[in-house]
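Morning, everyone. Keep the sequence in view as I talk.

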Amino acid sequence: EHQLVSIETDDIRRITDIMWKLSMNMGWALYNWSQSNGLYRIGMEHIFIPRTDNPEGMLNYINRSNHFGIYLLNNMSSHLEQKCVQQKLITIADKDDGVRRLVVMIEQKNSLPISLKPYVLAMKHRTQKGRKSQKNVVG
């Protein structure tokens with residue numbers, strides 16, 4: 001059971017929408033993060049969680065969370081090379097306190113450091129549009 005997931009996609013908005021619909025049907029708390037906004041619960045976009053506008057603060061918040069949550073992290077690749085970010089993600093992955101946390105990193109290009117690969121379930125999502133443009137480049 002993975003706590004960390006990486007989704008490579010050409011349509012970040014679509015993944016966010018799918019996760020929102022799934023969370024609404026299941027009653028899950030869904031959070032979104034970007035460095036420009038920090039962390040907030042989707043559906044309550046006007047309330048930002050303090051001290052989460054940088055990767056370390058956001059990951060500290062997730063690690064300390066006492067309730068189930070899915071955390072969508074957009075465009076984290078530039079931060080994944082930082083050893084402290086890698087260590088905080090590994091700490092979340094290894095945590096065994098009975099609280100389910102799912103960290104979903106959504107990127108246009110997956111670039112996981114070697115140290116994170118054993119902890120992260122990596123997936124690729126391509127829309128029909130993305131498949132067509134990929135064929136045009138290749139063919």
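Lys 95 is partly exposed, at a relative accessible area of 25%. This is a predicted model, so take every value as computed from it. Which residue does Lys 95 meet in a salt bridge? Asp 97, with N to O at 4.0 Å. Asp 97 is partly exposed too, at 37% relative accessible area. Asp 97 also meets Arg 101 in a salt bridge, here at 2.8 Å, N to O. Is Arg 101 buried or exposed? Buried: its relative accessibility is 1%, and the cut-off for buried is under 20%. Put together, Lys 95, Asp 97 and Arg 101 form a network of salt bridges.

The structure holds 3 salt bridges. One of them pairs Asp 17 with Arg 13, and their closest N and O atoms are 3.0 Å apart. Both sit in helix α1, 4 residues apart, which separates them by about one helical turn. As a reminder, an α-helix has 3.6 residues a turn, so residues three or four places apart point the same way. Asp 17 is partly exposed, at 30% relative accessible area. Arg 13 counts as exposed, at 54%.

Now α1 itself. The helix has 15 residues, which at 1.5 Å a residue should span 21 Å; the end C-alpha atoms are 21 Å apart, so the two agree. Which residues of α1 are buried? Ile 12, Ile 15, Thr 16, Met 19 and Ser 23. They cover an arc of only 100° around the axis, so they lie on the same side of α1. On the other side, Arg 13, Lys 21, Met 24 and Asn 25 are exposed. The cover over the buried residues includes β1, β2, β5, β6 and β7. After α1 comes Gly 27, with a positive phi near 75°.

On to the sheet. It is open, with 7 strands and mixed pairing, in the order β4-β3-β2-β5-β6-β1-β7. The edges are β4, residues 48–49, and β7, residues 120–125; each has a single partner strand, so one side of each lacks a neighbour in the sheet. Further in, β2 (residues 30–34) and β5 (residues 69–74) run parallel, joined by 4 bridges. Trp 33 stands opposite Leu 73 in β5.

Helix α1, residues 12–26, packs on it and touches β1, β2, β5, β6 and β7. The direction of α1 makes about 170° with that of β5. Helix α3, residues 83–94, packs on the sheet as well, touching β1 and β6. The direction of α3 makes about 140° with that of β6.

Conventions. Residues numbered from 1 in each chain as written. Predicted model: local features only at pLDDT ≥ 70, side-chain atom pairs only at ≥ 80, totals over all residues. Heavy atoms only, no water. Pairing = 2+ DSSP bridges. Helix = DSSP H or I, 4+ residues; strand = E, 2+ residues; numbered from the N terminus. Contact = heavy atoms within 4.5 Å. Axes fitted to C-alpha atoms, helices over the stretch in contact; angles between N-to-C directions. Expected span 1.5 Å × (residues − 1). Buried < 20%, exposed > 50% of the residue type's maximum accessible area, 1.4 Å probe, protein only. Arc of directions from axis to C-beta. Salt bridge = Lys/Arg side-chain N within 4 Å of Asp/Glu carboxyl O.
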